Amino acid sequence: MAKKAAMILGVVFVLVGVIAFFSNPVVGIFEVGRILAIINILAGVVLFSASRSSNPRTPGTALKIVGIVYGLITILGFLMIGDKESVTILGLFDVNHADNWLHLVLSILMIWTGFSRPRMMMSSQAEGGMM
């Protein structure tokens, strides 16, 4: 599950990051400046690379790390935005309310998936326990 999620999210993050260089806001509602676009591309490369690893724990670890980073961006966004339309996080990139909610959902999804156990390990442990 983590491997597939890391691969899919990796591709999506890279595509969104590349699109953000040519179109802002992305999909009409998300503020994605150049710095956040670079963060998205880097996160995508990390996730996709982790999905290609032969170590079964690497995708989960990558999902947890990227999920925590996006979680921190979410917390800063919600704390700083108040009732403004958008805010600059740490003087680096802008986020708006839609970004905050998207980052919240993505961070929860990545952290949850990162902590989920690989199916292969669960099925082999179940088989071992039945003998």
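This text walks through the structure from its overall layout to a few single residues.

The model is predicted, so local features need pLDDT of at least 70, side-chain atom pairs count only at pLDDT 80 or more, and totals for chains, interfaces and linings use all residues. Residues are numbered from 1 along each chain as its sequence is written, and side-chain values use heavy atoms, with hydrogens and water left out.

Start with the whole chain. It has five helices and two strands. Helices (H or I, at least four residues) and strands (E, at least two) are DSSP runs, numbered from the N terminus. From that end, the order is α-α-α-β-β-α-α. Of the 131 residues in the chain, 34% are buried. Buried means under 20% relative accessible area, exposed means over 50%, and partly exposed lies in between (1.4 Å probe, protein chains only).

Now look at the helix pairs. Two packed helices are described by the angle between their axes and the distance between the axes. Axes are lines fitted to C-alpha atoms, for helices over the stretch in contact, and angles run from 0 to 180 degrees between N-to-C directions. Helix α1 (residues 2-22) and α2 cross at roughly 155°, and their axes come within 7 Å. Therefore α1 and α2 are roughly antiparallel. Angles under 35 degrees count as roughly parallel, over 145 as roughly antiparallel, 65 to 115 as roughly perpendicular and the rest as oblique. The crossing of α1 and α2 is left-handed. That term applies if the near helix is turned anticlockwise from the far one by less than a right angle.

Next comes α2 with helix α3 (residues 58-81). Their axes are 8 Å apart, at an angle of about 165°. So α2 and α3 are also roughly antiparallel to each other. Their crossing is left-handed.

Helix α2 spans residues 34-51 and contains Ile35. Ile35 is partly exposed, because its relative accessibility is 37%. Ile35, Ile38, Leu42, Leu90 and Leu92 make a nonpolar surface patch of about 480 Å².

Leu90 sits in the loop between β1 and β2 (93-96). Leu90 is exposed, because its relative accessibility is 62%. Its backbone deserves a look. Most residues other than glycine have a negative phi. Leu90 has a positive phi, near 50°.

Finish at Asp83, in the loop between α3 and β1 (86-89). Asp83 is exposed, because its relative accessible area is 76%. Asp83 and His97 are 14 residues apart in sequence, and their C-alpha atoms are 9.3 Å apart in space.

Note on methods: Patches are made of residues with over 30% relative accessible area and no salt bridge: like charges are joined within 9 Å, nonpolar side chains (Val, Leu, Ile, Met, Phe, Trp, Tyr) within 5 Å. Accessible areas come from the Shrake-Rupley method with a 1.4 Å probe; for residues, only the protein chains shown count as cover. A salt bridge is a side-chain nitrogen of Lys or Arg within 4 Å of a carboxyl oxygen of Asp or Glu.
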